[in-house]
Amino acid sequence: MTASPAAVLLPLGILFTALLLFAGGFAWARRRDKREQARQILDKIEPWAGSRRAAKAWYQSHPIAALGNWTAAALVAHGRGEDVLRFLDHIEAGGFA
């Protein structure tokens, strides 16, 4: 006795759908985390940058030597936003750049 095509395809379809939903949710959560990290970084640097606009300019264009000469924006895009936040905490505590 052979299984009907529906008996095979239905569980596969359910599995495929679940994987797509999980992957989509994971991607959305990562984008949300990156946006949150960017906001936290901008909040930290805005007081010494002088304005939100200047903070955004620094975030997008200033290479951070201690983090491989990458900009904060590039680091966040590559999943290293926590490194930027730790670096800024270090600077706030009186550490060297």
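This is a predicted model: local features need pLDDT of at least 70, side-chain atom pairs count only at pLDDT 80 or more; totals for chains, interfaces and linings use all residues.
User: Fine. Which residues does Ile64 touch, skipping those up to four places away in sequence?
Analyst: Ile64 touches Trp58, Asn69, Trp70, Ala72, Leu75, Val84 and Phe87.

User: And what's the largest nonpolar core like, how many residues?
Analyst: That core has 16 residues. Ile64 is among those with the most contacts inside it, along with Ile41, Ile45, Trp58, Tyr59 and Val84.

User: Which helices supply at least two residues each?
Analyst: Helix H1 (5–49), helix H2 (52–61), helix H3 (72–77) and helix H4 (81–92) each do.

User: Let's zoom out. What order do the elements come in?
Analyst: Starting at the N terminus, the chain runs α-α-β-β-α-α. That comes to 4 helices and 2 strands.

User: How much of the chain counts as buried?
Analyst: Of its 97 residues, 20% count as buried. The accessible surface is about 6900 Å², and carbon and sulfur atoms hold 66% of that.

User: What about contacts between residues 24 or more positions apart?
Analyst: Those make up 30% of the contacts with a separation of 6 or more.

User: Back to Asn69, which touches Ile64. Where does Asn69 sit?
Analyst: Asn69 is in the loop between strand S1 (63–64) and strand S2 (70–71).

User: Buried or exposed?
Analyst: Asn69 counts as exposed, because its relative accessibility is 52% and the cut-off for exposed is over 50%.

User: New topic: Gln37. Where is it, and what does its side chain pair with?
Analyst: Gln37 lies in helix H1. Its side chain makes a polar contact with the side chain of Glu82, at 3.4 Å.

User: Which residues is Gln37 in contact with, leaving aside neighbours within four places?
Analyst: Val76, Gly81 and Glu82.

User: Why does Gln37 count as buried?
Analyst: Because Gln37 has 14% relative accessibility, and buried means under 20%.

User: And Ala38, buried or exposed?
Analyst: Ala38 counts as buried, at 15% relative accessibility. Ala38 is also in helix H1.

User: How far apart are Ala38 and Leu85?
Analyst: They are 47 residues apart in sequence, and 9.4 Å apart in space, C-alpha to C-alpha.

Notes
Residues are numbered from 1 along each chain as its sequence is written. Side-chain values use heavy atoms; hydrogens and water are left out. A nonpolar core is a set of buried Ala, Val, Leu, Ile, Met, Phe, Trp, Tyr and Cys residues joined through side-chain atoms within 4.5 Å. Buried means under 20% relative accessible area, exposed over 50%, partly exposed in between (1.4 Å probe, protein chains only). Contact means heavy atoms within 4.5 Å. A polar contact is a pair of N or O atoms within 3.5 Å; within protein, one must be able to donate a hydrogen and the other to accept it, and residues adjacent in sequence count only if both atoms are side-chain atoms. Accessible areas come from the Shrake-Rupley method with a 1.4 Å probe; for residues, only the protein chains shown count as cover.
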